[in-house]
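Biologist: Hey, could you walk me through this one? I'm new to it.
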Amino acid sequence: MNIAIASGKGGTGKTTVSVNLTSYLCRTRPAVLVDLDVEEPNAGLFLETEVVSKTITYKQIPVWNQASCTSCGLCARVCEFNAVIQIKDDILIFPELCHSCGACVGLCPANALVMESKEMGVITHSRKEKLDFVESRLNPGEEQAVPQIRETKSYLARNFNDSMLCIMDAPPGTSCPVVEVVRDADVVLFVAEPTPFGLHDLQLAVKAARSLGKEPAVIINRVGIGNEDTESFCREQSLRVIARIPNDREIARSYSDGKLLFEEFPSVRSAMESVKGYLDEAEQRFFANQAKANQAKVRQEINP
Amino acid sequence: MKEIVVISGKGGTGKTSVTASLAILGGESLVVADCDVDAANLHLLLTPEVQYREDFYSGKEAEINPRICTDCGICAEVCHYGAILQPTDTGQWIIDKNRCEGCGYCSHVCPASAITLSSAYSGEWFRSKTRTGGFMVHAELAAGADNSGKLVARVKNEARKSANEAGADYVLVDGSPGIGCPVISSLSGAAFVVLVTEPTKSALHDLRRVYEIVRKFSISAGCVINKADLNPGVENEILGFLQEENIPLLGTLPYDSVFSEAMTAGMTIVEYTRGEITGRVEDIWEHLLREVSSRK
Amino acid sequence: MRVVITAAGREWDSQVDQRFGRAACFFCYNDEDGTIQIIDNQSAAGEAHGAGTKAAATVAEYEPQVLITGNGPGQNAESVLSRTGVEVYIGAGGMTVKEAYDAWCGGKLSRA
């Protein structure tokens with residue numbers, strides 16, 4: 001089961017919740033933490049896991065064969081991303097700009113371009129006791145998070161079965177990379193602050209999630225600052241608030257040192273316990289749905 | 001007219017709160033540009049009155065005309081994103097806008113020319129007047145739309161235009177988060193960069209990465225450490241980094257509930273409290289102006 | 001010699017556009033015959049991504065020997081330009097087109 005932890009705004013405590021939740025769950029069961037903030041993965045700063053494997057990710061980019069090229073320039077004209085540039089008889093290709101659509105390769109009348117694999121990033125898999133940590137990192141200079149996130153999702157599918165709890169720490173914001181994470185998630189949790197900024201960004205994030213057909217639940221962080229508007233919004237929108245973490249200078253200080261919080265602060269521990277309760281429920285639904293789907297499949301196989 | 005860009009790498013360090021305070025202190029001498037379009041929040045503090053609005057288009061998206069489509073399915077075969085689907089209920093080929101990246105491959109291979117590529121609606125931008133009497137340019141992304149260098153460039157361009165017309169000395173930019181394309185676009189044309197950070201491990205980590213980009217463009221920078229008293233150990237690490245890179249410290253701000261109180265009241269720090277913190281922000285603003293004017 | 005300056009407007013006293021990829025236009029001056037040509041950069045400046053490479057391809061068509069700009073082209077644009085052999089000079093931000101041209105003539109601008 002995949003759980004996406006997201007937030008419209010950066011710095012609301014998304015990574016803190018992901019790290020603490022996974023570590024909390026792992027006291028009793030195995031779980032995977034996946035850092036999908038591929039531009040700036042930070043969750044590893046809070047963990048002391050040992051590296052099990054490193055997997056290089058590739059994307060497909062065109063490679064030019066000058067000998068067959070007729071310099072017609074079609075490849076450069078069709079590229080909507082300006083990743084293929086013609087300078088006289090030369091074709092230049094910019095892998096960081098390329099979206100791997102294959103149009104230049106497929107449309108070239110002289111077959112002078114072929115798709116080849118190029119390194120895009122790395123997936124680092126590490127482990128400590130029951131906790132598996134998968135960090136996904138783009139190489140410097142690479143601009144597109146989405147293909148790296150896709151590769152990481154397929155890595156997860158290859159290495160863990162459906163029943164494994166995968167906690168996915170999404171990038172901040174509401175744009176394409178977040179959509180890519182939330183799209184296939186079975187559970188979506190938003191971490192929000194009860195401030196005007198936090199509320200505004202939560203509203204945008206909820207709208208985006210619902211447009212993907214996902215019903216998110218909310219964890220409110222730094223309760224005590226701001227006002228009641230975030231709570232009222234959740235009530236009006238029938239969004240379930242599943243946990244509240246109080247605002248506490250000592251929590252902030254402990255975080256700044258990169259420490260796990262639930263061990264030290266009972267308030268964080270009880271918040272994690274609430275989230276765990278919510279996930280247990282979600283898991284039961286998940287398995288029930290899976291069983292239903294399997295039954296349907298079996299029925300279809302018997303009576304085609 | 002000079003452009004000052006405020007960035008932070010990591011979210012939640014107080015970048016927008018600091019920008020809003022500087023905007024109030026600068027008053028009519030500056031035009032504000034909110035380039036943090038993913039989470040545009042500056043308007044919540046500066047309560048701008050919109051004077052002009054315009055739709056914004058960025059990137060492309062494909063569309064299939066069902067009347068011309070001959071149901072050959074070639075488009076779906078070439079699409080690398082799995083964005084062309086044929087739902088069984090209607091049997092009509094459609095484009096999943098969430099998956100379409102606007103490459104146009106399908107439109108080139110369609111034998112019936114049933115697919116067109118058009119600019120994708122991605123939100124609105126506004127020119128407004130703030131309560132300081134100065135102008136502000138900001139934008140709102142459509143849900144699920146991608147922030148892009150183009151939108152950031154547009155917001156900055158309009159802000160520059162307003163500054164020229166109003167005879168303002170500065171454009172103050174609330175920069176984009178992260179280290180990707182939007183932040184690079186935020187930085188282009190900047191005269192000076194303000195790095196807002198906090199003494200946490202993750203903020204320092206991101207500060208280092210975002211500064212690499214600033215350095216690559218050879219733009220001068222200064223730093224504000226927010227929540228400075230939270231962790232003296234990490235604060236020292238930040239100070240060490242600043243020294244190494246020869247980045248002036250513009251000032252520090254304490255970890256104080258007054259920041260969120262001000263935000264909740266819809267005000268900037270310098271308006272909400274007249275205390276010591278306001279004095280510190282004023283010092284940062286003056287220090288910043290000295291740094292900016294000492295550079296040609 | 002053909003000189004290209006990134007410009008916000010079409011005149012000698014227009015401001016230099018600090019940016020390369022999303023510059024408003026390219027002010028192209030041929031100092032042998034004194035002709036001026038303005039290349040509009042709307043199409044590259046309007047790109048969501050890859051404005052730099054597209055603008056560089058546009059500039060390359062004019063076959064200039066010198067390019068004068070503000071902050072300097074990004075990495076991608078630079079590698080397109082390097083194929084054309086054009087010499088890139090930076091640091092003209094804040095100047096007018098005329099001032100930038102004079103500064104370059106006087107050897108006051110640095111190579112990117």
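Modeller: Let's go through the sheet, a helix pair and the domains.

Modeller: This is a predicted model, where local features need pLDDT of at least 70, side-chain atom pairs count only at pLDDT 80 or more, and totals for chains, interfaces and linings use all residues. Residues are numbered from 1 along each chain as its sequence is written, chains are lettered from A and ligands numbered from 1 in the order in which they are written, and side-chain values use heavy atoms, with hydrogens and water left out.

Biologist: What's the strand order of the sheet in chain C?

Modeller: The order is β3-β2-β1-β4-β5-β6 in an open sheet of six strands, with mixed pairing. Strands (E, at least two residues) and helices (H or I, at least four) are DSSP runs numbered from the N terminus, and two strands pair if DSSP finds at least two bridges between them.

Biologist: Which strands are at the edges?

Modeller: β3 (35-40) and β6 (110-111) of chain C, each pairing on one side only. β6(C) is joined by two bridges to β5 (residues 87-90) of chain C, and they run antiparallel. Ile90(C) has Ser110(C) as its bridge partner there.

Biologist: And which helices pack on the sheet?

Modeller: One is α2 (residues 51-62) of chain C, which touches β1 (2-7), β2 (25-30) and β3 of that chain. Contact means heavy atoms within 4.5 Å. The direction of α2(C) makes about 20 degrees with that of β2(C); axes are lines fitted to C-alpha atoms, for helices over the stretch in contact, and angles run from 0 to 180 degrees between N-to-C directions. Helix α4 (residues 97-105) of chain C also packs on the sheet, at about 135 degrees to β1(C).

Biologist: How many bridges join β2(C) to β3(C)?

Modeller: Six, and the two strands run antiparallel. Cys25(C) sits opposite Asp40(C) in β3(C). Four residues lie between the strands of that hairpin, and Gly34(C) takes a positive phi near 75 degrees.

Biologist: Switching to chain A, at what angle do α6(A) and α7(A) pack?

Modeller: About 20 degrees, with the axes of α6 (residues 196-211) and α7 (residues 229-236) 10 Å apart. The two are therefore roughly parallel to each other, a label for angles under 35 degrees.

Biologist: Which residues make the contact?

Modeller: Among them are Leu199(A) and Val206(A) of α6(A), plus Phe233(A) and Cys234(A) of α7(A).

Biologist: Last one: how far apart are the domain centres in chain A?

Modeller: The C-alpha centres of domain 1 and domain 2 of chain A lie 39 Å apart. Domain 1 is 2-57 + 122-300 and domain 2 is 66-111, with bounds from an automatic or database domain assignment.

Note on methods
Parallel < 35°, antiparallel > 145°, perpendicular 65-115°, else oblique.
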